[in-house]
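Work through the exercises below with the structure in view. Each task is followed by a solution in steps.

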Amino acid sequence: MSTGGLVIAIPRGNLFAETLDLLDRLGASTKEIRENERKLVFEDEGILTVRPSDVPTYVEHGAADLGITGKDVLLEQSEREVYELFDLGYGHCRMIVAAPAAADPLGEPLRRRGIVRVATKYPRVAADHFASTGRQAEIVEVKGSVELAPVTGLCDAIVDLTATGRTLTENGLVEREAIAECTARLIANPVAHKLKAAEIDAFVARLRELK
Amino acid sequence: MIHPVPPGTRDVLPDEMRELRDLSTRLHAVFEGAGYGEVWTPAIEYEDVLRRGDESAAGAGFRLFDDRGHVLALRSDPTIPIARLVANRYAGVPASLRLCYFAHAYRSVERGSGQAREFLQGGIELIGIAGPPGDAEVIALVLGALSEAGLSRHRVGLGDGMLYRSLLAAADVPEDERRPLLESLWRRDLVRLEAQVDRLGLSPAARELLVTVPALRGGPEVLDRVDGSLAGAVENLRECHELLRERRVDDRVIFDLGLLRELSYYTGTIFEVYDPAVAFALGGGGRYDDLLGRFGEARPACGAGLDVQRVHLAQLAEESQASGGTA
């Protein structure tokens with residue numbers, strides 16, 4: 001078995017293809033996973049496929065020993081009791097503040113209204129960023145198409161992930177501030193990290209060799 | 001119409017309560033049998049008392065004012081009130097003291113985390129016995145109590161709360177740089193920790209030590225892999241291991257050199273107890289040689305607490321394992 005007896009939760013989403021490629025290189029058989037879009041649990045391989053934002057939940061509660069998900073997810077769910085063991089390096093993108101191309105899109109509302117309105121899928125990351133820079137912000141949580149929010153006047157700025165910046169440009173937005181660099185990370189359940197130490201260390205060692 | 005209870009609290013019905021009561025009784029019998037007399041402290045303490053024991057008042061989340069304007073806090077940790085009790089009631093008593101307790105503690109929890117705000121802790125405090133002999137007595141008693149409760153696969157992760165601080169000091173890391181590193185270790189973010197260590201520009205040997213030591217877990221062989229800068233802590237852990245071997249529980253020990261515990265009063269050996277069926281630690285504890293001195297006479301001490309409801313979960317898993325089900 002490729003995962004050495006460990007159960008690993010992998011993200012269906014943007015990181016899915018590269019995660020499967022990584023598992024291939026580790027010698028896992030991902031054929032069944034690639035062929036079954038609807039099946040979620042692959043017991044023989046020791047793999048669960050879940051939403052990226054659910055990976056920390058499965059790992060924290062011990063349904064999986066290990067998990068792979070984006071740093072953006074981990075930043076937003078910072079209260080999760082999981083180990084962050086390894087930076088897998090792929091899926092690179094950046095968490096940023098973007099706003100329409102205007103003279104002072106963040107400063108102007110702060111001066112005139114005392115508050116800047118920010119739409120985001122990452123309310124905690126956004127709130128922490130504005131609080132830590134001493135600015136009052138009203139965080140508007142949206143579930144998708146964040147870029148739309150400033151265009152429609154819902155907000156002054158957005159906090160979102162960007163890889164190439166193309167979606168921002170297409171919606172007339174300009175990056176204003178960088179918050180964090182995000183890549184795929186390997187996480188572990190704290191109890192499994194102790195009780196299955198040898199297996200987990202062997203898994204991480206193979207990842208380090210591959211990198 | 002349903003009348004809600006506050007998030008993080010719950011009602012317990014007879015079937016479960018019977019089992020929880022039975023579990024508490026069994027743990028209590030083991031503690032009393034070893035000479036640990038039960039004490040009771042108030043559920044509300046002056047907030048100052050909790051703050052004297054831990055700068056963040058041990059995570060106290062519920063406060064009120066009394067009729068004189070004093071701030072009271074719901075007990076968030078059982079050990080600090082017992083340190084107060086010992087200072088008040090056992091001043092000048094030179095002999096060692098063995099105390100146990102079963103009490104609810106209350107913490108605030110992060111929004112939506114599903115964690116308990118009210119939880120039942122059962123534990124022991126051993127006061128007046130320094131170093132590995134005290135640590136080993138407490139650890140062996142907790143492991144024995146769990147066996148008595150019917151668990152068979154439990155383990156103790158054993159480390160030293162000052163170990164990483166000693167490493168940072170030995171590597172001459174400037175004082176103001178240490179806190180962020182400890183913070184990363186505390187948050188279990190080993191990726192960030194490695195990046196922070198890399199930025200310090202240390203010698204390759206020092207860098208290697210600061211990155212690899214927190215990830216060392218396993219049998220006594222992991223102690224061989226840390227160098228002289230940790231001699232004191234490593235010597236303590238070896239001695240503790242030897243004493244646990246004499247008590248025939250050493251096969252349950254996993255050394256964990258990256259272990260840190262939440263409360264700030266620990267001064268040396270720390271540990272956590274695990275069962276493979278439960279994804280969270282069942283409990284833990286450690287040595288707190290400075291805590292009693294904050295309330296009165298300075299005396300060495302070590303203690304441990306178990307989350308009774310989590311131990312119950314492990315019991316249920318053990319039962320279903322024994323009856324051939326999946327744990």
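Two residues are in contact if their C-beta atoms, placed from the backbone, lie within 7 Å. The model used here is predicted.

**Exercise 1. The contact of the chains**

Solution. 

**Exercise 2. Chain B as a whole**

Task: Find out why the radius of gyration of chain B agrees with that of a compact globule.

Solution. 
- Step 1. Chain B has 327 residues, and the rule takes 2.2 Å times this number to the power 0.38.
- Step 2. The rule therefore gives a radius near 20 Å, and chain B has 20 Å, which agrees.
- Step 3. Along the principal axes, the C-alpha atoms of chain B fill a box of roughly 65 × 60 × 50 Å.
- Step 4. Chain B contains 10 helices and 12 strands, and 42% of its 327 residues count as buried.
- Step 5. Take the contacts in chain B between residues at least 6 apart in sequence: 68% of them join residues at least 24 apart.

**Exercise 3. Helix α9 of chain B**

Task: Check the span of helix α9 (residues 231–246) of chain B, then say which of its residues are buried and what covers them.

Solution. 
- Step 1. Buried in α9(B) are B:Ala233, B:Val234, B:Asn236, B:Leu237, B:Cys240, B:Leu243 and B:Leu244.
- Step 2. In general, an α-helix has 3.6 residues a turn, so residues three or four places apart point the same way.
- Step 3. The cover of the buried residues of α9(B) includes α4 (131–148), β7 (155–160), α5 (163–170), β9 (253–256) and β10 (269–274) of chain B.
- Step 4. Just after α9(B), B:Arg248 has a positive phi of about 60 degrees.

**Exercise 4. The nonpolar cores**

Task: Which residues have the most contacts inside the largest nonpolar core?

Solution. 
- Step 1. The largest nonpolar core has 121 residues, and its largest share, nine residues, comes from α4(B).
- Step 2. The residues with the most contacts inside this core are A:Ala9, A:Val59, A:Leu66, A:Ala188, B:Ile139 and B:Val142.
- Step 3. Leaving aside residues up to four places away in sequence, B:Ile139 touches B:Val156, B:Leu244 and B:Phe271.
- Step 4. A second, separate core has 22 residues, including A:Met95, A:Val97, A:Tyr122 and A:Leu161.

Notes: Residues numbered from 1 in each chain as written. Chains lettered and ligands numbered in written order. Predicted model: local features only at pLDDT ≥ 70, side-chain atom pairs only at ≥ 80, totals over all residues. Helix = DSSP H or I, 4+ residues; strand = E, 2+ residues; numbered from the N terminus. Expected span 1.5 Å × (residues − 1). Buried ≥ 20, exposed ≤ 12 C-beta atoms within 10 Å, placed from the backbone. Core = buried A, V, L, I, M, F, W, Y, C linked by C-beta atoms within 7 Å.
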